[in-house]
Amino acid sequence: IAPGECTVTVQSVDNPDVTAEIKVTVIDNKVTEIKLDKYEVVIPVGKGDMPLVTMLPESAPDKSERWWSSDESVATVNSEGWIVGIAPGECTVTVRSINNPDVTAEIKVTVTDEGLVKEIVLNKYEVELTVGKGDMPLVTMLPSDAEDKSEIWWSSDASIATVNYEGWIVGTGIGECTVTVQSAANPKIKAEIKVIVKAE
């Protein structure tokens with residue numbers, strides 16, 4: 001029932017003077033400590049890491065875990081403890097014993113922008129078109145060793161100019177608008193092109 005010692009006695013019903021005793025020691029089989037092989041991880045956005053967990057004592061029959069992140073906009077963690085960087089910043093990932101919810105361990109998580117696009121350079125920041133004609137600025141994502149250089153494009157006014165997923169801009173009506181290219185992996189990095197569309 002609970003940790004400690006007691007005596008269990010068996011007695012003869014026929015002759016109550018006849019008894020025997022058994023000394024009983026009840027041990028606590030709950031998890032009492034969580035040890036990790038690391039208490040701090042540094043991971044780039046999009047990458048992951050998983051600390052090795054040891055539940056103590058080893059004799060505890062239920063070593064199941066529950067994981068959560070203090071800020072899922074910075075890093076997420078799955079039910080097995082796999083931590084994935086979402087955006088640069090810091091947060092805390094916690095593992096708790098389901099067997100004994102009072103026992104927890106924390107991992108400090110630092111997510112870096114290593115490998116992310118940090119700048120977008122264009123060969124032109126202004127294009128002049130006539131209605132029905134197109135142009136496509138040359139895009140350079142920096143640093144050159146950034147892992148994900150995929151782009152997102154959009155126009156501020158599709159009635160003046162449209163742009164496809166490759167950055168091909170086409171004049172659709174007379175006027176001025178802005179076409180923006182954004183890093184898909186690092187959405188805060190953008191570059192803008194002023195588009196002037198004239199009559200033929």
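**View 1. Strands β10 and β11 form a hairpin with six residues between them.** This is a predicted model, in which local features need pLDDT of at least 70, side-chain atom pairs count only at pLDDT 80 or more, and totals for chains, interfaces and linings use all residues. Residues are numbered from 1 along each chain as its sequence is written, and side-chain values use heavy atoms, without hydrogens or water. Strands are DSSP runs (E, at least two residues), numbered from the N terminus. Two strands pair if DSSP finds at least two bridges between them. β10 (residues 89-97) and β11 are antiparallel, with eight bridges. Arg96 stands opposite Thr104 in β11.

**View 2. Strand β4 (residues 40-44) runs parallel to β11 (residues 104-112).** Five bridges join β4 to β11. Val42 stands opposite Thr110 in β11.

**View 3. An open, antiparallel sheet has the strand order β5-β9-β8.** β5 (48-49) and β8 (75-77) are at the edges, each with a single partner strand, so one side of each has no neighbour in the sheet. Two bridges pair β5 with β9 (residues 83-85). Asp49 has Ile83 in β9 as its bridge partner.

**View 4. The largest nonpolar core has 23 residues.** Such a core is a set of buried Ala, Val, Leu, Ile, Met, Phe, Trp, Tyr and Cys residues joined through side-chain atoms within 4.5 Å. Buried means under 20% relative accessible area (1.4 Å probe, protein chains only). Ile34, Ile83 and Val109 have the most contacts inside this core. β11 supplies the largest share, four residues.

**View 5. A second, separate core has 21 residues.** Among them are Trp153, Ala161, Val179 and Ile189.

How values were computed
Buried < 20%, exposed > 50% of the residue type's maximum accessible area, 1.4 Å probe, protein only.
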